[in-house]
Amino acid sequence: MKRRFPTALVFVVVAVVFAFVSLLACGAAERPDGGQGLLPVGATAPDVFAADQNGAIQRLSDQRGRAVVVYFYPKDGTPGCTEEACAFRDAWDRFKQANVQVFGVSPDTRESHEAFATEHRLPFPILVDTDHTWANAFGVPMRLGSMARVTFLIDPDGKVAKVYPDVDPGVHADDVLKDAAQLTGAALPAAPAASGSAAPAGPDAAAPGAPGAASAPGAAGAPPAGAATGSTVPVATGTMLPPAAPAAPPAKR
């Protein structure tokens, strides 16, 4: 009598083989330049181009003279990718002040990018890489159809200045901005102050030295503006000045 393998065992074997093949696929990617793995620091950035969420063609070599951030992310709309994109969005004005261009890259379609950018008000280009041209050129590995989360910082001469192979999506934008500002020689732009942090001047404040300006609150013996001469006025210590003599004697009854 022939022995038959249990169906469950067959599924287990197939799953193990699939996992092993997937693990191999996540290894060092071979680049078109003949190298393997992520494009290293000092290498010339590839002259690649792609359409962004609006259909405009963005070519990497057109950005010479400024620093460029190219961040690869797995997929539009996922929690980590949304957090990372919004962090770059919130720092976008500071990137512009430092003369730094930002490109997001994923294998999603232009329509997906357009919806993603519109929903989260992304002001920078996110590029369509459905054929993995950018990912292959930079040596970014693919994992089950998604790109690994990797960022490259390119200097104004078109050389790779830094590679970030494993990033924290929430704080990554600020970390890259610090490094990018050093490349351009720009002072690190300060984060915008929280709304309402500065206390508004009081309505009774007067310019120093102005004629008739009242002394600052708390100055000893300083009467409030408009106080009549000789009237009873509180002073800084809490004592009371003596009342002035009456102008005329009280009428007799």
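Trainee: What does a relative accessibility of 49% make Asp93 count as?

Mentor: A residue is called buried under 20% relative accessible area and exposed over 50%, with partly exposed in between, using a 1.4 Å probe and protein chains only. At 49%, Asp93 therefore counts as partly exposed. Before we go on, keep in mind that this is a predicted model, in which local features need pLDDT of at least 70 and side-chain atom pairs count only at pLDDT 80 or more, while totals for chains, interfaces and linings use all residues. Residues are numbered from 1 along each chain as its sequence is written, and side-chain values use heavy atoms, with hydrogens and water left out.

Trainee: With which residue does Asp93 form a salt bridge?

Mentor: The general idea is that side chains of opposite charge can pair when their charged atoms come close. The rule applied here asks for a side-chain nitrogen of Lys or Arg within 4 Å of a carboxyl oxygen of Asp or Glu. The partner of Asp93 is Lys96, and the closest N and O atoms of the two are 3.8 Å apart. Both belong to helix α3 (residues 92-97), and because they are 3 residues apart, about one helical turn separates them. Helices here are DSSP runs of H or I with at least four residues, strands are runs of E with at least two, and both are numbered from the N terminus. Lys96, with a relative accessible area of 48%, is partly exposed.

Trainee: Which residue pairs with Arg94 in a salt bridge?

Mentor: That residue is Asp174, with 3.3 Å between the closest N and O atoms. Here the pair links distant parts of the chain, since Asp174 sits in helix α6 (residues 172-184) and Arg94 in helix α3, 80 residues apart. Asp174 is partly exposed at 35% relative accessibility, whereas Arg94 is buried at 14%.

Trainee: How many salt bridges does a search of the whole structure find?

Mentor: The search finds 10 salt bridges. One of them joins Asp108 to Lys75, with the closest N and O atoms 3.6 Å apart. Asp108 lies in the loop between β4 (100-106) and α4 (110-120), and Lys75 in the loop between β3 (67-72) and α2 (79-90), so this pair ties together parts that are 33 residues apart in sequence. Asp108 is buried at 8%, while Lys75 is partly exposed at 43%.

Trainee: In what order do the strands of the open sheet lie?

Mentor: Strands of a sheet pair through backbone hydrogen bonds, either parallel or antiparallel, and two strands count as paired if DSSP finds at least two bridges between them. This open sheet of 5 strands runs in the order β5-β4-β3-β8-β9, with mixed pairing. Its edge strands are β5 (126-128) and β9 (160-164), each of which pairs on one side only.

Trainee: How do β3 and β8 pair?

Mentor: β3 and β8 pair in the antiparallel sense over 5 bridges, and within that pairing Val70 has Phe152 of β8 as its bridge partner. On the other hand, β3 and β4 are parallel, over 6 bridges, with Phe72 partnered by Val105 in β4. β4 also runs parallel to β5, to which 3 bridges join it.

Trainee: Which residues of β3 are buried on one side and on the other?

Mentor: Ala67, Val69 and Tyr71 are buried on one side, and Val68, Val70 and Phe72 on the other, which leaves both faces of β3 covered.

Trainee: Which strands does α2 lie across?

Mentor: A contact means heavy atoms within 4.5 Å, and angles run from 0 to 180 degrees between N-to-C directions, with axes fitted as lines to C-alpha atoms, for helices over the stretch in contact. α2 lies across β3, β4 and β8 (150-154), running at about 160 degrees to β3. α4 packs on the sheet too, touching β4 and β5, and its direction makes about 165 degrees with that of β5.

Trainee: What pLDDT does the protein average?

Mentor: pLDDT is the predictor's confidence in each residue, on a scale from 0 to 100. The protein averages 76, and 64% of the residues score at least 70. Over residues 10-26 the pLDDT is below 50, and this stretch has 7 contacts beyond near neighbours in sequence. It also stays under 50 over residues 195-244. Where pLDDT is low, the predicted coordinates should not be read in detail.
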